[in-house]
Every structure is written in C-alpha cells, then in structure tokens.
Amino acid sequence: MNPKIIEQLLSIIPRNQTTESAISGLFFYCAENPSSMLSYVQEPSVCIVIQGEREVCLGFECQSFANSDLMFCPVNIPLSMNIKHATVDNPVIILSMRLDLAVIREVLATMPPKQNVDEYYSGIKWQLDSAILSAFERLIDLINYPNDIDFLASLIQKEIYYRLLSAQQGDKLRQLVMNGSHTHRINQATNWLKNNIRKPMIVEELA
C-alpha cells in the first residue's frame, strides 16, 4: 500500500474501533495495541490488512494475513481474530468492503461465461494482486475528495468486483450471485439466521 495513503488514513480514522468511511460500505479498523482472540461474525466482504499483520481463525484453521493477502468472505462467517504486534507508532490498519450482490450481478452480466467453475473452493485467503490493490488505493484516495465520492466510488467499486471476478479464485464470487449455486444457498441460509436469530429454528427446514 502506498505510504502516503497509510499516512492519510492514520490522520483521519479513530483508533481501536471499527468505523465506516464517507464511502458507503467501506470500513476501517486501526489497532494500537495487541489483542487476544476475538470472535465475531464477518458479513459478506473483502478485507485487506493495509499495515501490520493479524491472525484469523476459521474453526480450527488459523492463518496470518499481511499486506500481500486479501480475505474473501462470501457469506456470514463466524471467525476469530487476534493481533500480536501493534503500537501507537506502528498500528495495524484493516480495510473491509461490504459486498454489494446487486452490483456484482451487474458486473458479472457484462463478462463472458466461464467454463469449469470451481464451486466448492472454500479458502478465504487470496493473493492480493497489483490490479486489485491499485483499485483499492484509488477508492481510499477518494476520501480526500468528498465531492467526487457519489460519482466515482461506485465506478471504482465496480472495477474492484471485475478484478475479483477475474482473479484466479474468483469462481467463489461468481457462485455467490448465481441462483441455485452451493454458495448462493449458503448465503441465503446464513442471512436468514442473522435476521431471525431469536426465532425458533428447525435445522431440517433451514437445510
């Protein structure tokens, strides 16, 4: 990530809390201190560690994420996270962008169909390539130009979705918005659970 962008973010985002930016669906978390394992439900999103490193556990599988990685969560996923190294002078900065399924469908409709889609790829750790990173840098830079956000943010986010769909692991994102796919059905089930968590549930019916 461009050092100027990191400097910019450090001047505007609050510490030790998650905050939504002026760009809808774009969140930042800046940690000045190490943290123990924290459990939470990650909504459908893509996340990037802009500075530093964090450990994320999905079940019993734990992985480290640094600035060369992208975390892809296609559905509501229960995760645990901890940060081992963070200081006031060198905090950990994490970006999260909520997935807009309607826009992803719009972008996918303009792309040629793909053969041999790997529907069952389940990994959340992707390689953050230079094209995706460049698009995110331009999206973050828009925070400096609030009058441009309404027009340009949606265009850059469409580019990000295009890059993600075109990536080596992009089949999972394609499946997320294809009716009837395995991932789409899981997304429907997890959304129902999220919205009806206090209601009685019969597992067979949910399945």
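What share of the contacts in the chain with a separation of 6 or more comes from residues 24 or more positions apart? The figure is 72%. Keep that in mind as you look around this predicted model.

The chain has 207 residues, and 45% of them count as buried. Its elements are seven helices and 10 strands.

Now find the sheet. Six strands make up an open sheet, lined up in the order β1-β2-β9-β4-β7-β10, and their pairing is antiparallel. Look at the two ends of that list: β1 (18-20) and β10 (125-127) are the edge strands, and each has a single partner, so one side of each has no neighbour in the sheet. Going from one strand to the next, the twist averages 25 degrees. What holds strands side by side like this? Strands of a sheet pair through backbone hydrogen bonds, and they can do so parallel or antiparallel.

Zoom in on one of those pairs. Strand β7 (residues 69-73) and β10 run antiparallel, joined by three bridges. If you want a spot to look for, Met71 sits opposite Lys125 in β10.

Next, the helices. Helix α4 (residues 146-166) lies across β4 (45-51), β7, β9 (92-98) and β10. Compared with β9, helix α4 runs at about 90 degrees.

Glu32 is in the loop between β2 (26-31) and β3 (35-42). Is Glu32 buried or exposed? Its relative accessibility is 16%, so Glu32 counts as buried, the cut-off being under 20%. Leaving out residues up to four places away in sequence, Glu32 touches Arg15, Asn16, Ala86, Thr87, Val88 and Pro91.

Finally, how much can you trust what you see? The chain averages a pLDDT of 86, and 82% of the residues score at least 70. Among the elements, β9 has the highest mean pLDDT (97), while helix α6 (residues 182-195) has the lowest (49). Over residues 180-185, pLDDT stays under 50.

Key: Residues are numbered from 1 along each chain as its sequence is written. This is a predicted model: local features need pLDDT of at least 70, side-chain atom pairs count only at pLDDT 80 or more; totals for chains, interfaces and linings use all residues. Side-chain values use heavy atoms; hydrogens and water are left out. Two strands pair if DSSP finds at least two bridges between them. Helices (H or I, at least four residues) and strands (E, at least two) are DSSP runs, numbered from the N terminus. Axes are lines fitted to C-alpha atoms, for helices over the stretch in contact, and angles run from 0 to 180 degrees between N-to-C directions. Contact means heavy atoms within 4.5 Å. pLDDT is the predictor's confidence in each residue, from 0 to 100. Buried means under 20% relative accessible area, exposed over 50%, partly exposed in between (1.4 Å probe, protein chains only).
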